[in-house]
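Please open the structure in a viewer and follow the stops below in order. Each stop names a selection and then describes what is found there.

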Amino acid sequence: MFLWKALSALKLSDAQERRRPTVSSMGYRGFEFSMGRNWTAAKDMQRYRHHYPGLEEGEDDDEEEEEMWNLSFYKNDISFLPHGLYIDELLEAWQEDYETLEENHSYIQWLFPLRERGMNWRAKPLTLKEIQAFKKNEEVMQRFVRAYKLMLGFYGINLINQETGQVRRAENWIQRFRNLDRFSHNNLRITRILKCLGEMGYEHYQVHLVKFFLTETLVFQTLPNVKRSALDYFLFTIRNKHKRRELIHYAWKHFKPQHRFVWGPPKKLLAYKPPLPKTQHCQKAAAAKG
């Protein structure tokens with residue numbers, strides 16, 4: 001209550017509030033973890049996983065392609081709004097321009113559009129028709145992967161296998177993790193990126209990135225102020241039930257103290273048996289045949 005009153009008294013501007021560093025995990029964050037499951041987050045992620053039930057979109061079959069704003073941006077036909085760049089210029093000029101990537105709050109909704117509105121009201125919600133058009137355009141999807149790699153670099157992560165989506169720490173991970181852990185609005189950006197990956201057919205990219213953040217927050221404890229978002233949001237962007245359960249079990253196994261883990265039923269977590277790695281599965285199959 002004291003923290004809330006103090007923030008209200010400051011009357012920060014929207015931009016200042018977005019840049020406000022996250023409160024230390026030893027203080028408010030520790031209190032937050034004692035509050036249990038974030039059910040607002042749970043409902044938001046369930047709505048995403050179930051493809052936004054009840055969401056109405058335009059049904060006009062004669063809609064011109066130029067009205068697909070997100071597709072036009074990714075085709076390099078328009079710049080992002082407001083006061084933005086064309087995507088080819090952005091992907092080139094902002095490479096390792098970490099200050100701009102941190103300070104500018106307009107581009108992320110265009111790089112990773114969703115079927116829901118964000119903070120930038122000049123950005124347009126993604127439509128099902130656009131999603132199909134994205135997937136059919138090889139040049140557009142190449143730009144999409146470049147945009148993903150741009151943001152991974154901003155967070156101190158490298159995409160090391162473009163086929164599988166496997167990621168690992170970049171050489172400058174210490175400095176980039178420090179920024180990520182300091183400014184909490186990046187947790188919202190990562191949630192957006194994960195959701196967009198799912199919409200664009202990159203579920204395998206989702207799984208690797210979520211596991212990366214679970215490992216960093218729970219095993220290595222390098223990102224204490226990302227931990228809550230990783231559990232409340234990142235983890236539940238995975239639409240595949242089997243992959244999601246596997247990751248929930250992984251999180252539970254590494255969460256301390258384990259009895260306070262609230263993101264899955266204790267009895268099911270205890271009984272769950274993770275799938276064997278492919279090599280072990282093949283070895284068992286060969287042994288059974290022998």
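Is α12 mostly covered or mostly uncovered? In this predicted model, 14 of the 15 residues of α12 are buried, that is, under 20% relative accessible area with a 1.4 Å probe and protein chains only. Residues are numbered from 1 along each chain as its sequence is written; local features need pLDDT of at least 70, side-chain atom pairs count only at pLDDT 80 or more, and totals for chains, interfaces and linings use all residues. Side-chain values use heavy atoms, with hydrogens and water left out.

Select residues 185–199 to display helix α12 (helices are DSSP runs of H or I, at least four residues, numbered from the N terminus). From first C-alpha to last, α12 reaches 22 Å, close to the 21 Å expected at 1.5 Å a residue (1.5 Å times one less than the number of residues). G201, which follows α12, has a positive phi near 90°.

Next, select L111, F112, Y148, F213 and L214, the residues with the most contacts inside the largest nonpolar core, a set of 72 residues. Such a core consists of buried Ala, Val, Leu, Ile, Met, Phe, Trp, Tyr and Cys residues joined through side-chain atoms within 4.5 Å. Helix α10 (residues 138–154) gives the largest share of this core, ten residues.

Then centre on Y148. Beyond its neighbours within four places in sequence, Y148 is in contact (heavy atoms within 4.5 Å) with F112, L159, V167, I193, L197, Y205 and L209.

Terms used: Buried means under 20% relative accessible area, exposed over 50%, partly exposed in between (1.4 Å probe, protein chains only). Helices (H or I, at least four residues) and strands (E, at least two) are DSSP runs, numbered from the N terminus.
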